[in-house]
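Hi,

Here is the structure I promised to pass on. Have a look at it first, and my notes on the salt bridges follow below.

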Amino acid sequence: MSETKSSQRFHSLNAEQVEVLHQVLSEVVPIHGRGNFPTLELRPRDIIMAVRARLQKQGITVRDVRLNGSTASHVLVRDNGTSYKDLDIIFGVELPSQEEFQVIKESVLGCLLDCLPAGVNRERISSATMKEAYVQKMVKVFNEHDRWSLISLSNNSGKNLELKFVSALRRQFEFSVDSFQIILDRLLESYMQQESQNKSNTIDSMYGDFEAAMDHLRYRLIATRNPEEIRGGGLLKYSNLLVRDYRPASETQIKTLERYMCSRFFIDFPDVQEQQRKILSYLKNHFIGEERSKYQYLMTLRRVVDDSTVCLMGHERRQTLNMITVLALKVLGEQNIIPNTDHVTCFYQPAPYLAEHSAPYLAEASYCSYYIPQGGSTLLYQPYPLHLSTQT
């Protein structure tokens, strides 16, 4: 990348943004333990500095530490329409071999062990026990192009503290609005030296053009490049942005981008059962406290898949659409929501839906169908007398 293009990526935080960043890093985040293990009340700044110090003591080079994703976007523009939940911290490290993964894991778990309340006999608690008690998920990737690991610490309200250790990662963002990474080293240094936090703090846009990405964030615009490089194509995040009143930055390009998103999603998740598991996981992680938005999200996702999927056979496409429809109707059933039925016609009334039914979804021809006029679609498996909102 040329020096000019590289310089367009970086910018300095203003005083107000630094204050928001300080609040985010200083807010106590509960890390909930399983079983009899107590909840750990941690400030992100403390665990970040402790992990960095322990890694350096173990001989692992830490290039920098960054705040990533939706939380970084929140620091830049607080009213950006997307609520931040996970706290994503990236440690830039050197991982010449897979042995370093074990060192990283032991370092993080050792820091958590140090945070246990006084009086706990730490010598009797193994790292395996700490992992079982406080880690929600742990991932490691080591191949020709990507070398990184993730340790996600549990929080029952969905505000997980996610520590990511990156040596190499080809793709570090999905859309321009989540491409920001705030470099924390100067702020961490001020904490250690008990100085004012108002030093120059740098933010890096992995999108490549900071000002363009900021405009997208301020005005709620959707832009990306090469979505086929993103695992899942960014399809689920794209639908989420649409629900939150974001709109495409380029109406002429978005249909092409949608086709790429759908194609990559079905490459990565070719089986309808895998698709369902991925969608349910996304709903669980991104709609905590926003239960009433799930239905709108699923119907938005269905519309995008219906409009832009060109890579599936006809029966595969119908199967996926029906699966999303079933999830949307189940959401209605769980919330007991009665949407607008002004433009809905029911031709057949099925038997009452059994809410306790939990078998995996299977598309079968025996399911009841409904016709929805004025631009609607045919839906399968209805839990109640038809209550389905449509837009005209």
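**Salt bridges**

E94 and R63 form a salt bridge, with their closest N and O atoms 3.0 Å apart. E94 sits in the loop between β5 (87-93) and α5, while R63 is in strand β4 (residues 62-68), so this pair ties together parts 31 residues apart in sequence. E94 is partly exposed at 39% relative accessibility, and R63 is partly exposed too, at 41%.

A quick word on what you're looking at: this is a predicted model, where local features need pLDDT of at least 70 and side-chain atom pairs count only at pLDDT 80 or more, while totals for chains, interfaces and linings use all residues. Residues are numbered from 1 along each chain as its sequence is written, and side-chain values use heavy atoms, leaving out hydrogens and water.

For the terms, a salt bridge means a side-chain nitrogen of Lys or Arg within 4 Å of a carboxyl oxygen of Asp or Glu. Buried is under 20% relative accessible area, exposed is over 50%, and partly exposed is in between (1.4 Å probe, protein chains only). Helices (H or I, at least four residues) and strands (E, at least two) are DSSP runs, numbered from the N terminus.

Searching the whole structure turns up 21 salt bridges. One of them joins D114 to R54, at 2.5 Å between the closest N and O atoms. D114 belongs to helix α5 (residues 99-114) and R54 to helix α3 (residues 44-57), so the pair links parts 60 residues apart in sequence.

E290 and R244 also meet in a salt bridge (2.9 Å, N to O), and both residues are buried. Finally, R9, D64, R66 and D204 are linked in a salt-bridge network.

Cheers
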